[in-house]
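Student: I would like to learn how to read the features of a model with care. Could you take me through this one, giving the general idea before each case?

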Amino acid sequence: MTVKWIGKRMMLGILVLFILSFLSFFIMHASPGSSATAYYGGNAQMLSAAEKERISRTFALDRPLVVQYGAWLMETVQGNLGMSAKEGRPVSAILAERVTNTLLLVGVSLFFIVTGSILLGMEAGMKPNSLLDRGLSSFSIASSSIPAFWLGILFIYLFSLKLGLLPSSGMQSIGGNDDFFDKVRHLIMPAAVIVLTHVGVYARFLQDSVKMEMRSYYVKTARANGVEEREIRSGVLRNALIPYLNYLGMTIPSFFGGSVIVETLFSWAGLGQLMAKSVMVKDYPLLMGGIMLTGIIVVVSLFVIDVLMFILDPKLRKRELGV
Amino acid sequence: MKSNKIFIFWCALFGLIVLITVFANLFSTYPVNEMNMDKVYMAPGDGHILGTDHLGRDVFTRLLHGGKVTLTVAFGSVLLSLVIGVMYGSVSGYVGGWVDSAMMRLLEALISIPSLIFVLAFQAVMQGGMWGMTFIIGVTGWFTTARIVRSEFIRLKEADYVKMARMFGTPIWRIITGHLLRNSVTPLFVVTIFNLAGAVFIEVSLSFLGIGIPPSIPSWGNMLYNAQNDLLIGAWWIGLFPGLLIFFTVLSINFIGEMLKDSRL
């Protein structure tokens, strides 16, 4: 039964990727004469006619758009994402260099957002009328109203320019040779910007669901029966986490969208910065590759969240598996 | 009572921002694009209350005109996504059956894709001006609206007055506009307000990155395009004021949305 459930989820993920690729492909290729030459890579002039002919045949460049999409899909599934129009290197090689950087930035940010928001949201929800309880919603609205890049600029001004504490951009200092602590120092500001603009919203969401749980009968009954406060806390958290995870799943896509902006601001060499750059120089194969890889990461994260919810929520298990 | 006053405060603040940008011409002290190479990087004060930028243009004037562009893009795109979302959601919710499940599957997939990615794909081929940006944000921003319309329709469809109307042979479009849409106005309004905040964010972020509105048109995002470099040479006013105005605009929109959402419950 579980296998069937996983299979169903995976089908959904594949559907998402299919729709994503279809729409992106058509958006980018629908404009006349835009991207056919892009597949030749940066050195179109140097290619022989036979070479051009071969690439053109592989990607069906002289055929209708639907056929082109089919050709692109066939090649992509086999791992051939074409050549970067500007750099003249295989798209897959460029993506491979960058994907870990994005995963590092987003992973670290997400870790602090989740732990921070759970701590704050629990505390605020369990202690009605405390300062945290009353202040959290204002903090959440205010922090989500600051454009991330602008907060980043303020940080650069304060921490790099005025205080000289942290590097203003890049992933390592000039001449630095992959030093771990150097990388951490470069990671602090971009990650802090993402965390600060998001943590309030998630904390507030958890606070609301904790409050809802606290009003329910099982908590009152447990209290009346003298169940320890610590145990009540863990029960409430467990139940409040279910809608929280659902919310996290709903908002995680925008998270990867937001990293495009933060990565570019801090010159963090990740997928987001790569995509923004590809838009600027109209490097379609590279942009398409970045889009697909981002899509895959999102789909996988959604799957992980689904599994977590499945573990936490007996009702969902029952409904999906019928046991 | 207290929350009523706060609500009015945020509405007034937002209204004020809209007004001064709409009537930018009345308030601005210089022509928008007037450059003055003798007066580059002037600090706030004397003649230029918010200083000048790297081309000697008046920051205050550009702030007003830039707001006009940013807010036009935001309002226009939100209107577009409202129309698309209502149409998609209506069909899905009203028709029901396999049409609904197919449309919902598609919507679910669309929601799980970062909408900024579609924006980037569009920008790669279009890179139009203000209206191009409006179109792009609009066609990529209707997903939540559609979902809300659909779920409202499904709930309201079973109401007695709708069943009655159908029994009396009221035409479908009148049931949809007169009964179903009319009773979904509040949640639709709330989601549209939050979309407005999101649209402002997308425009300023993309223009800041240099892949939004072309630099020749002043917008809040464009004004920040050079802010990072300006800051490094100490010209803090060029980045600070547009940022503050964006912050207070989005803040007032978000507070209005939150308070409307709470009053509904």
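Student: How many residues does the contact take from chain A and from chain B?

Tutor: This is a predicted model, in which local features need pLDDT of at least 70 and side-chain atom pairs count only at pLDDT 80 or more, while totals for chains, interfaces and linings use all residues. Residues are numbered from 1 along each chain as its sequence is written, and chains are lettered from A and ligands numbered from 1 in the order in which they are written. Two residues are in contact if their C-beta atoms, placed from the backbone, lie within 7 Å; here 41 residues come from chain A and 38 residues from chain B. Helix 1 of chain A gives the most to the side of chain A that touches chain B, with 8 residues (helices are DSSP runs of H or I, at least four residues, numbered from the N terminus).

Student: Is helix 10 of chain A mostly covered or uncovered?

Tutor: A residue is buried if 20 or more other C-beta atoms lie within 10 Å of its own. Helix 10 of chain A is mostly covered, with 8 of its 11 residues buried, among them Leu271(A), Gly272(A) and Val279(A). The buried residues pack against helix 4, helix 9 and helix 11 of chain A, together with helix 5 and helix 10 of chain B. Just after helix 10 of chain A, Lys282(A) takes a positive phi of about 55 degrees.

Student: Which residues meet where helix 4 of chain B contacts helix 7 of chain B?

Tutor: Leu107(B), Leu110(B) and Ile111(B) in helix 4 of chain B meet Phe143(B), Ala146(B) and Arg147(B) in helix 7 of chain B.

Terms used:
Helices (H or I, at least four residues) and strands (E, at least two) are DSSP runs, numbered from the N terminus. A residue is buried if 20 or more other C-beta atoms lie within 10 Å of its own, exposed if 12 or fewer, and partly exposed in between; C-beta atoms are placed from the backbone.
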